[in-house]
Amino acid sequence: MRARKTVIALSCAVAIAAGAAACGTAKQLSAAEQVSDGFDKLGAAKSVKVSFSLDATPAQLVALAGTSAADKLKLTDATKLSGLGATVTLSSAGSVQQALKVLQDPKATGLPAGSALAMEVHAGDGKPLVEIREIGEKAYVRIGLDQIVSLSGDASMRTEIAQMRAGMAQMPAAYSAVKDLFEDKWVGIDVKAAGELAKNAPTTGLPVGITPSAAPSLDAATRTKLSDAVIGVFKKDVAFTDKGSKDGVQQIQVAAPARQLVTDLQGAVLPIVRTIPGVGSKLPTGAPTDVPDKQAAAEVFLKDGVVTKVTMDLNQLDPAGAGQQLPVSLSFALDAPAVTAPAGASELTSGVLQDMLKGMGSQS
């Protein structure tokens with residue numbers, strides 16, 4: 001499921017931050033160790049909720065968009081975008097770290113027994129745009145098309161969706177789950193069956209010229225090389241500064257020269273990644289000239305030794321962004337509610353999925 005990729009991306013970010021923290025210089029070892037331990041405790045927990053939020057106010061978003069007729073952003077639209085965010089909740093019978101290992105295994109079909117995953121993307125008003133839940137080998141999806149149209153403000157999209165819904169009404173009863181997807185209702189999918197169907201897709205009617213390829217996988221030796229390369233760069237470029245505590249919350253600043261960090265990461269990591277089949281030819285070769293040559297920083301907050309929040313102004317990475325702000329944040333919570341299967345979800349069977357793929361192939 002797509003949720004897996006999101007969780008893997010977030011887990012990689014957490015792993016890099018934790019690895020970097022673990023190798024702070026002697027002068028900054030205390031601050032670095034606090035960040036490292038704080039992320040370690042997240043991984044050792046049985047349940048973690050990670051929330052991303054666009055914290056910019058509507059006024060900040062309007063200012064960032066510019067004043068030209070082509071770029072100008074209306075305050076009403078900026079209000080819809082402000083607060084846009086996503087949450088990912090992962091629970092495990094063992095630990096979050098153990099569940100993440102299974103998620104990163106390309107051969108895995110579904111989560112291990114006793115584990116569950118939930119992802120939600122929501123608009124600034126908090127209303128869900130997309131929701132995905134995965135429990136064992138069962139996945140559930142709900143798409144808020146009306147919310148997406150409202151956020152986009154595209155009248156033509158609203159018309160197209162209305163036409164598609166009208167067409168769905170004429171479909172056989174066996175396609176009821178497909179209809180439900182267009183009506184903001186939960187739909188269930190067997191992960192293992194869908195995976196087998198995807199694996200056999202070239203023989204079940206995919207459009208001509210489209211051939212799915214296996215996802216690149218890393219052997220243990222390559223993973224170790226990548227980890228050592230990233231840690232080496234962070235040890236050289238990143239500084240950790242203890243900013244003190246307030247009301248039991250510890251604040252640590254993580255800072256680095258932006259262009260230097262990206263250049264050094266590119267120089268250390270790309271030679272290793274280029275050896276991975278199917279990846280090397282797609283990587284950049286030039287230096288990152290679009291990254292500003294200045295110091296960039298993020299703030300890490302900890303409570304009771306656990307990382308609770310990371311904040312950053314993304315606009316500091318824009319060479320032309322002086323004077324403006326684009327604050328974003330990642331929040332972490334260990335008291336996440338249990339992920340449960342939604343009530344009344346209809347079943348999108350593998351037979352219907354196969355028929356749909358055949359239909360796509362016949363139209364190509």
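Q: Where do helix H6 and helix H7 come within 10 Å, and at what angle do their axes cross?
A: In this predicted model, the axes of helix H6, residues 145-152, and helix H7, residues 155-168, come within 10 Å and cross at roughly 160°.

Q: OK, and are H6 and H7 roughly parallel or antiparallel?
A: They are roughly antiparallel to each other, because an angle over 145 degrees counts as such. The crossing of H6 and H7 is right-handed.

Q: Which residues meet there?
A: From H6, the residues are Leu145, Asp146, Ile148, Val149, Ser150 and Ser152, and they meet Met157, Arg158, Ile161 and Arg165 of H7. By class, the residues of this contact of H6 with H7 divide into five nonpolar, two polar and three charged.

Q: Let me pick one out: isoleucine 161, buried or exposed?
A: Isoleucine 161, which has its place in helix H7, counts as buried because its relative accessibility is 7%, and the cut-off for buried is under 20%.

Q: What does isoleucine 161 touch, leaving out residues up to four places away in sequence?
A: With those residues not counted, isoleucine 161 touches Leu145 and Val149, and both of these are on the H6 side of the contact with H7.

Q: And how far is isoleucine 161 from phenylalanine 182?
A: In sequence, isoleucine 161 and phenylalanine 182 are 21 residues apart, while in space the distance from C-alpha to C-alpha is 8.1 Å.

Q: Switching to the sheet, what is the strand order?
A: The sheet is open, has 12 strands with mixed pairing, and runs in the order E7-E8-E9-E10-E11-E1-E2-E3-E4-E5-E6-E12.

Q: Which strands stand at the edges, then?
A: Strand E7 (239-246) and strand E12 (346-347) stand there, each with a single partner strand, so one side of each is left without a neighbour in the sheet.

Q: Back to H6 for a second, which strands does H6 touch when it packs on the sheet?
A: H6 packs on the sheet by touching E4 and E5, and its direction makes about 140° with that of E4. As for those two strands, E4 (residues 128-135) and E5 (residues 138-143) run antiparallel and are joined by six bridges, and isoleucine 132 has valine 141 as its bridge partner in E5.

Q: What about E11, how many bridges pair it with E1?
A: Strand E11, residues 327-333, pairs with strand E1, residues 47-54, over six bridges in the antiparallel sense, and in that pairing lysine 49 has alanine 333 of E11 as its bridge partner.

Q: And how many bridges between E10 and E11?
A: Strand E10, residues 306-313, pairs with E11 over five bridges, again in the antiparallel sense. The bridge partner of aspartate 313 in E11 is proline 327, and threonine 311 stands opposite serine 329 in E11.

Q: Then how does strand E9 pair with E10?
A: Strand E9, residues 295-303, and E10 pair in the antiparallel sense over six bridges, and leucine 302 has valine 307 in E10 as its bridge partner. The hairpin of E9 and E10 has two residues between the strands, and aspartate 304 in that hairpin takes a positive phi near 55°.

Q: Now aspartate 247, what is its phi?
A: Aspartate 247 has a positive phi of about 55° although it is not a glycine. It lies in the loop between E7 and strand E8 (249-257), and it counts as exposed because its relative accessibility is 69%, where the cut-off for exposed is over 50%.

Q: And aspartate 184, where is its place?
A: Aspartate 184 has its place in the loop between helix H8 (176-181) and strand E6 (187-190), and its phi is near 60°, a positive value in a residue other than glycine. With a relative accessibility of 33%, aspartate 184 counts as partly exposed.

Q: Zooming out, how many helices and strands does the protein have?
A: The secondary structure of the protein comes to 12 helices and 12 strands. Of its 364 residues, 36% count as buried.

Q: Last one, what share of contacts with a separation of 6 or more comes from residues 24 or more positions apart?
A: Residues 24 or more positions apart account for 65% of the contacts in the protein that have a separation of 6 or more.

Conventions. Residues are numbered from 1 along each chain as its sequence is written. This is a predicted model: local features need pLDDT of at least 70, side-chain atom pairs count only at pLDDT 80 or more; totals for chains, interfaces and linings use all residues. Side-chain values use heavy atoms; hydrogens and water are left out. Two strands pair if DSSP finds at least two bridges between them. Helices (H or I, at least four residues) and strands (E, at least two) are DSSP runs, numbered from the N terminus. Axes are lines fitted to C-alpha atoms, for helices over the stretch in contact, and angles run from 0 to 180 degrees between N-to-C directions. Angles under 35 degrees count as roughly parallel, over 145 as roughly antiparallel, 65 to 115 as roughly perpendicular and the rest as oblique. A crossing is left-handed if the near helix is turned anticlockwise from the far one by less than a right angle, and right-handed if clockwise. Contact means heavy atoms within 4.5 Å. Ala, Val, Leu, Ile, Met, Phe, Trp, Tyr, Cys and Pro count as nonpolar, Asp, Glu, Lys and Arg as charged, and the others, Gly among them, as polar. Buried means under 20% relative accessible area, exposed over 50%, partly exposed in between (1.4 Å probe, protein chains only).
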